[in-house]
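Please consult the sequence and the coordinates alongside the text.

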Amino acid sequence: AQNTLVLLKPDAVQRKLCGEIIQRFERKGLLLSALKLLQLTPEMAANHYAEHKGKPFYPALVEFITSSPVVAMVLTGCNAVKIVRTMMGPTNPVDALPGTIRGDYAKVMSYNIVHGSDSADSAAREIAIYFTEQEIV
Ligand code: ATP
Ligand code: MG
């Protein structure tokens, strides 16, 4: 089985969509291996989004992701990284089909509800930002 890091972004928490979104992942067959609500520090946000540093949208991205609490989780299952990305839909919700999380709940790129690791390597790196070894059960 494979682990992936999922964040329910501040818009998901503020809009009270966390239960619905977690339910989608569970119904698909992914297993919760770790879960917490936390407020990201600017340092954690910079680490999480290091690949985007210097891009035009980076300051707004860090501002948004640190604006209020997020839910972080590790989901586990065969092909979990790819399955979560498919369930999320494209980055821009304008392109996301109904039935995907972004397609059903989001309409603009800056507030797109959910993050999922884009590779197994990213997952390992990102999981370490949010969870200690002991917290992954
Ligand atoms: P995430 O990493 O949040 O799961 P993603 O992998 O689909 O999303 P990335 O290319 O990693 O997309 O971009 C990270 C985040 O930065 C996106 O979720 C989006 O909120 C924001 N973003 C990306 N590109 C743009 C852009 N051109 N304009 C505004 N915001 C953007
Ligand atoms: Mg990404």
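A residue is called buried if 20 or more other C-beta atoms lie within 10 Å of its own, exposed if 12 or fewer, and partly exposed in between, with C-beta atoms placed from the backbone. By this criterion A60 is exposed, because 10 other C-beta atoms lie within 10 Å. The model is predicted: local features need pLDDT of at least 70, side-chain atom pairs count only at pLDDT 80 or more, and totals for chains, interfaces and linings use all residues. Residues are numbered from 1 along each chain as its sequence is written, while chains are lettered from A and ligands numbered from 1 in the order in which they are written.

**Overall fold**

The chain has seven helices and four strands; helices (H or I, at least four residues) and strands (E, at least two) are DSSP runs, numbered from the N terminus. Read from the N terminus, the order of elements is β-α-α-β-α-α-β-α-α-β-α. The radius of gyration of the chain is 14 Å, close to the 14 Å that the globule rule gives for 137 residues, so the chain is as compact as a globular protein of that length. Here the radius of gyration is taken over C-alpha atoms, and the globule rule is 2.2 Å times the number of residues to the power 0.38. The C-alpha trace spans about 35 × 35 × 25 Å along its principal axes.

Of the 137 residues of the chain, 32% count as buried. Two residues are in contact if their C-beta atoms, placed from the backbone, lie within 7 Å. Among contacts between residues at least 6 apart in sequence, 70% join residues at least 24 apart.

**The sheet and its helices**

The four strands form an open sheet in the order β2-β3-β1-β4, with antiparallel pairing. Its edge strands are β2 (31–38) and β4, each of which pairs on one side only. From one strand to the next the twist averages 15 degrees. Two strands pair if DSSP finds at least two bridges between them. The table lists the antiparallel pairs.

| Strand pair | Bridges | Example of bridge partners |
|---|---|---|
| β1 and β4 | three bridges | L8 and V114 |
| β2 and β3 | seven bridges | A34 and V74 |

Strand β1 (residues 2–8) is mostly covered, with six of its seven residues buried. Helix α5 (residues 80–88) lies across β1, β3 and β4 and runs at about 30 degrees to β1. Helix α7 (residues 120–130) lies across β1 and β3, at about 55 degrees to β1. For these angles, axes are lines fitted to C-alpha atoms, for helices over the stretch in contact, and angles run from 0 to 180 degrees between N-to-C directions.

**Ligand surroundings**

Which residues are around ligand 1? They are H52, F57, L61, T91, M109, S110, N112, H115, G116 and D118; a residue counts as near a molecule if its C-beta atom, placed from the backbone, lies within 6 Å of it. This shell divides into three nonpolar, six polar and one charged. In this division Ala, Val, Leu, Ile, Met, Phe, Trp, Tyr, Cys and Pro count as nonpolar, Asp, Glu, Lys and Arg as charged, and the others, Gly among them, as polar.

One of the shell residues, G116, is found in strand β4. G116 is buried, because 23 other C-beta atoms lie within 10 Å. Not counting residues up to four places away in sequence, G116 touches T4, V6, V84, R85 and M88. The C-alpha atoms of G116 and R85 are separated by 6.1 Å, although these residues are 31 residues apart along the chain.

A60 lies in helix α4 (residues 58–65).

Most residues other than glycine have a negative phi. K16 has phi near 60 degrees, a positive value, and its place is in the loop between α1 (10–14) and α2 (18–28). Phi of I113 is likewise positive, near 75 degrees; I113 lies in the loop between α6 (101–105) and β4. Are these residues buried or exposed? K16 counts as exposed, because it has 8 C-beta neighbours inside 10 Å, whereas I113 is buried, with 23 other C-beta atoms within 10 Å.
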